[in-house]
Amino acid sequence: RPGVGCTARQSGQLTLPVLVSDTSVLIDLDRGNLLEYLFRLPYDFCVPDLLFKRELAGDLGDRLRELGLGVVELSSEELARATSVRRAVKVLSTPDTFAFSIAESRRWTLLTGDLALRRLAEQHGVKMHGVLWVIDELDRESVLDAAGLHRALSTIHSHPRCRLPAVE
């Protein structure tokens, strides 16, 4: 069943890679009307349970779960790690530290648009990507054509709270 958890579903004989997301990526993809396409990629997507409860619960969260988003509980060790990161890096939200802790502990890839979270991931060798990588994957996997991707990027970019990297 989609959205039950994030235990790495099987595709044929292969286990799909798991990506743990922060809220910013999901919101940007929603703004670009890309959520349905995201879940066509050969990955499992999940968020920490606290992040889901605090930031996604409601219509968006219901839609994401229906599409296949997993919601993951932290182990006691992951919770302790998230707590220590929260104390050390005050600019990060608690849900962001939960996402980081899961990605670091389980060696999953982090999806984030948050600069502080990206820097933390880099410092600790946690693999991470952002919205532009998702766009590239949608193109590489031929999930959406160039015109559709252009429309989506233009819509995301034109939003007043656009978080796309200006340089790229």
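F39 is buried, because its relative accessibility is 14% (buried: under 20% relative accessible area; exposed: over 50%; partly exposed: in between; 1.4 Å probe, protein chains only). The model is predicted; local features need pLDDT of at least 70, side-chain atom pairs count only at pLDDT 80 or more, and totals for chains, interfaces and linings use all residues. Residues are numbered from 1 along each chain as its sequence is written, and side-chain values use heavy atoms, without hydrogens and water.

F45 is also buried, at 2% relative accessibility. Three aromatic pairs are counted (ring centres of Phe, Tyr and Trp, the latter by its six-membered ring, within 6.5 Å; planes under 30 degrees apart are stacked, over 60 edge-to-face, the rest tilted). F39 and F45 form an edge-to-face pair, because their ring centres lie 5.5 Å apart and their planes stand at 75 degrees. The rings of Y43 and W133 have centres 5.4 Å apart and planes at 55 degrees, so this pair is tilted. The Y43–W133 pair links distant parts of the chain, 90 residues apart. Y43 sits in the loop between α2 (35-38) and β4 (44-48), and W133 in helix α8 (residues 131-140). Helices (H or I, at least four residues) and strands (E, at least two) are DSSP runs, numbered from the N terminus. Y43 and W133 are both buried. Ring pairs join F39, Y43, F45 and W133 into a cluster.

R54 belongs to helix α3 (residues 49-56). R54 is exposed, because its relative accessibility is 56%.
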